[in-house]
Amino acid sequence: MSSDEENIDINKSLSEIGSLIVFDVMAFLKTGIFKNKSNDKYVKAYTIVYRASQIENSENDYGSSLNKYYSDNINQYCEFARNKLLTINPESEFSQNVNFFETLLSEFEKCKILIHWLQKIFSSLDKFYIPDNRLKPLFDQGLALVNKNLFTPIKKLVFTNICTLINYHRDGMNVNLNLIMKVVDLFIKFELESIKIIKNEESYDIQGSNGKKYIIVDWFENYFKNSTNEYFSKKSEELIS
């Protein structure tokens with residue numbers, strides 16, 4: 001490669017990738033409007049990443065900068081989604097509880113879309129930089145970041161309100177049990193191994209395997225048991241009084 005190619009301005013390249021497609025993808029996830037969508041822009045962004053990821057330059061670690069940019073964008077969206085969820089008070093009333101979970105599922109779906117799009121743009125990292133540095137594939141990195149920065153910080157809140165929704169059902173309210181199952185499925189998704197995201201006609205799905213005997217971790221089961229005991233203890237006290 002020429003000396004010019006070996007000494008690219010990585011910050012300028014990252015800014016160009018953002019302007020070509022990443023900023024528009026992020027805006028689409030937040031607003032539902034995808035402006036300036038074109039295959040040409042995707043190809044240009046992919047080409048920038050491809051060229052930079054192939055350069056071996058001891059002074060400039062281009063692969064590391066590209067991988068960090070990939071991670072930073074996922075972290076940024078996770079922060080946005082987490083803050084959006086924390087503005088909802090699911091304990092205030094039944095409708096807000098349902099709204100919380102519908103928003104959670106929607107934001108998790110958007111995170112999968114983001115990972116899918118970014119992996120397409122940065123896929124050359126999986127071919128060169130990542131195996132050379134013994135890092136996890138981009139899909140695995142992306143989902144780990146979603147787990148760490150979106151799901152884990154609100155995990156206890158999520159499960160507390162799953163129990164609240166179940167209690168509404170126990171009290172005779174019309175609760176969409178499929179909604180509860182979908183939320184519980186998130187706990188399972190983050191326990192999978194050999195993960196990949198499959199694009200279906202209407203959505204993105206996570207597929208993987210798990211060699212563990214118990215998919216749901218112990219704290220989940222114990223927390224549910226404690227919540228159930230509290231509910232029926234309270235009901236017993238109400239009947240006695």
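Let's begin with a single side chain: is K112 buried or exposed? With a relative accessible area of 7%, K112 is buried; that word means under 20% relative accessible area, while exposed means over 50% and partly exposed is in between (1.4 Å probe, protein chains only).

Before going further, some ground rules. This is a predicted model, where local features need pLDDT of at least 70 and side-chain atom pairs count only at pLDDT 80 or more, while totals for chains, interfaces and linings use all residues. Residues are numbered from 1 along each chain as its sequence is written, and side-chain values use heavy atoms, with hydrogens and water left out.

**The whole chain**

Zoom out and switch to cartoon view. Walking along the sequence gives the pattern α-α-α-α-α-α-α-α-α-α-β-β-α. Of the 241 residues, 42% count as buried. Now try a surface: the chain exposes about 13900 Å², and carbon and sulfur atoms supply 48% of that (Shrake-Rupley method, 1.4 Å probe; for residues, only the protein chains shown count as cover).

Contact here means heavy atoms within 4.5 Å.

**Helix α2**

Select residues 10–31, which make up helix α2. Its 22 residues should span 32 Å at 1.5 Å a residue, and the end C-alpha atoms are 29 Å apart, which agrees. The expected span is 1.5 Å times one less than the number of residues.

Now click S19, where α2 bends by about 55 degrees. That bend is the angle between axes fitted to the seven residues ending there and the seven starting there.

At the start of α2, a side-chain oxygen of D9 reaches to within 3.2 Å of the backbone nitrogen of N11. Just after α2, G32 takes a positive phi of about 85 degrees.

Which way in? The buried residues of α2 include I10, L14, I17, L20 and M26. Show their neighbours: the buried residues of α2 pack against α3 (39–54), α4 (62–86) and α5 (94–121).

**Over to N73**

Next, select N73 in helix α4. N73 is buried, at a relative accessible area of 5%. What does N73 touch, leaving aside its neighbours within four places in sequence? The answer is V22, M26, L114 and L118.

**Along α5**

Go to F100, in helix α5. At 0% relative accessibility, F100 counts as buried. Draw a distance from F100 to L85: the two are 15 residues apart in sequence and 6.6 Å apart in space, C-alpha to C-alpha.

Time for charges. A salt bridge is a side-chain nitrogen of Lys or Arg within 4 Å of a carboxyl oxygen of Asp or Glu, and by this rule the count comes to six.

Back to K112: its salt-bridge partner is E109, with the closest N and O atoms 3.1 Å apart. Both lie in helix α5, three residues apart, about one turn of the helix. An α-helix has 3.6 residues a turn, so residues three or four places apart point the same way. E109 is partly exposed, with a relative accessible area of 21%.

Now select K110 and E107, which form a salt bridge with their closest N and O atoms 3.6 Å apart. Both K110 and E107 are buried.

**A link across the sequence**

Pick K235 and D171, whose side chains meet in a salt bridge (3.2 Å, N to O). K235 lies in helix α11 (residues 218–240) and D171 in the loop between α9 (155–170) and α10 (177–189), so the pair ties together parts that are 64 residues apart in sequence. K235 counts as partly exposed at 28% relative accessibility, and D171 counts as partly exposed at 45%.

**Last stop: R134**

Finish in the loop between α7 (129–132) and α8 (138–151), where you'll find R134. At 80% relative accessibility, R134 counts as exposed. Its phi is near 55 degrees, a positive value in a residue other than glycine. Most residues other than glycine have a negative phi.

Methods: Helices (H or I, at least four residues) and strands (E, at least two) are DSSP runs, numbered from the N terminus. A polar contact is a pair of N or O atoms within 3.5 Å; within protein, one must be able to donate a hydrogen and the other to accept it, and residues adjacent in sequence count only if both atoms are side-chain atoms.
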